[in-house]
Amino acid sequence: ASLNLISGGLQEQLLQEHKQQQQQQQQWGGRKGEAGSSKGQQGTSGVLGRRPSGDSPSPSSVECHHRFTNLSLSQATRTVQFWLLFYIFVAGVGSCLTFLNNLGQLTVALGGAAGSHVAFVSTYAVGNAAGRILMGQVPENYLHTHGTPRTKWLVAVMACLTAAVLSAAAATRPGHLYALAPALGLCYGGMFTLIPAVAADVFGLRHFAANYAGLQTACAIGSYVFPTQIAGWFYEKAAMHHEDEGMCIGRDCFGPTFVIEGFVCLVAAICAGVVFGTTGGVYQQLAQHLHEVQEEEEQDMIEQWQVEHHNKLSTAGRTQSDPGLASYRQFGLPTHIGRPGSAGSHNTPAGRQGQPQWPLGLQSFGSQGSRRQGLAAATAESAELGVIEPVQLQRKQTM
């Protein structure tokens, strides 16, 4: 009697429900595709680096929409922002490497023992790593949540670097280096994280590799001029004045160098402020774009959840309204199985004649098979029909 009840009204209802689910998924995918195509038409110009009107981007100004900003290296070098970032790189790298490359001589000059600078090198490396992580994560979060430009963080880093370099000029004993080493390392790592990110935001991503390679030449200039030429000249001059043999000892061995570099870093902080002021429009539009993308992703998630929730509710309602399906699920057998005359059904004479052809597992269960054998046979046959995923098949076989 249970088998007759199932075969009577379950076949057509399951097939209609499966078609309804497919139609809902297709409609949801169509709406998402239309939204994506409309968005693509609006942003295609930005991806390709062209304006919708066909005008080429003006290389003398970066106050354009971020989607349309894709300046090449030759165009970027004709902007004020490029050379301001270039100078910031020269000043920052030169000052930090002056401290790091001459840390052994600096420790001895302040009265420390030879070889005791190893601990300062380690703390500098820790600060360098921490600066790269913090200045990568924190500005990104604030840009997404509050719209804070990355250039504001660059101003803060250069201001801290100025204070640290001037403090190094005033250092009188090796113990001061325990605070200066991680501080300078933090600024050094933060600068190397912020400048490429700012270059990508201001000049675009299409020619980012070439633009950042152009800015990297500033590192070569800064690492040669400040640690080697300027610091070496003042060091030799102080050593000759003290008549020291081998190593220079005294505050004036590196003091004048750090004073000069402190004022250079102060100018670099001012330059960072100029970059912050002239790129405000770019970051305002970038923050708006990120907010729109986040809203679209949330809307897509809500629509997808609604479709899935609707499918679950419809399946639950169908189970309660159809006693045959309820009894079919009572024995743990699959509900979405192939039916004769529909996609996924057996190509058997009984199927071609439109007669009910149920899985062998169900027949075994109704006649002489055990519950476990009938369940395994039914799920295996349904998997062959393509209506049960292999994961579901494995889970049902292990019951």
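Predicted model: local features only at pLDDT ≥ 70, side-chain atom pairs only at ≥ 80, totals over all residues.
1. The disulfide is left-handed, because the torsion about the S-S bond of cysteine 248 and cysteine 253 is about -80°. The S to S distance between cysteine 248 and cysteine 253 is 2.0 Å, and with sulfur atoms required to lie within 2.5 Å, the count comes to 1 disulfide. Both cysteine 248 and cysteine 253 are buried.

2. Cysteine 96 takes part in no disulfide. The nearest cysteine sulfur belongs to cysteine 187 and is 6.5 Å away. Cysteine 96 has a relative accessible area of 0% and is therefore buried. Cysteine 271, at 11% relative accessibility, also counts as buried, since the cut-off is under 20%.

3. The structure holds 14 aromatic pairs. In one of them, phenylalanine 120 and tyrosine 178 have ring centres 4.8 Å apart and planes at 75°, so the pair is edge-to-face. The angle limit for that class is over 60 degrees.

4. Phenylalanine 120 sits in helix H5 (residues 118–145), and tyrosine 178 sits in helix H7 (residues 177–203). The pair therefore ties together parts that are 58 residues apart in sequence. Phenylalanine 120 is at 3% relative accessibility, so this residue counts as buried.

5. One aromatic cluster is formed by Phe89, Phe99, Tyr124, Tyr188, Phe192, Phe208 and Tyr212.

Conventions:
Residues numbered from 1 in each chain as written. Heavy atoms only, no water. Phe/Tyr/Trp six-rings, centres within 6.5 Å; stacked < 30°, edge-to-face > 60°. Helix = DSSP H or I, 4+ residues; strand = E, 2+ residues; numbered from the N terminus. Buried < 20%, exposed > 50% of the residue type's maximum accessible area, 1.4 Å probe, protein only.
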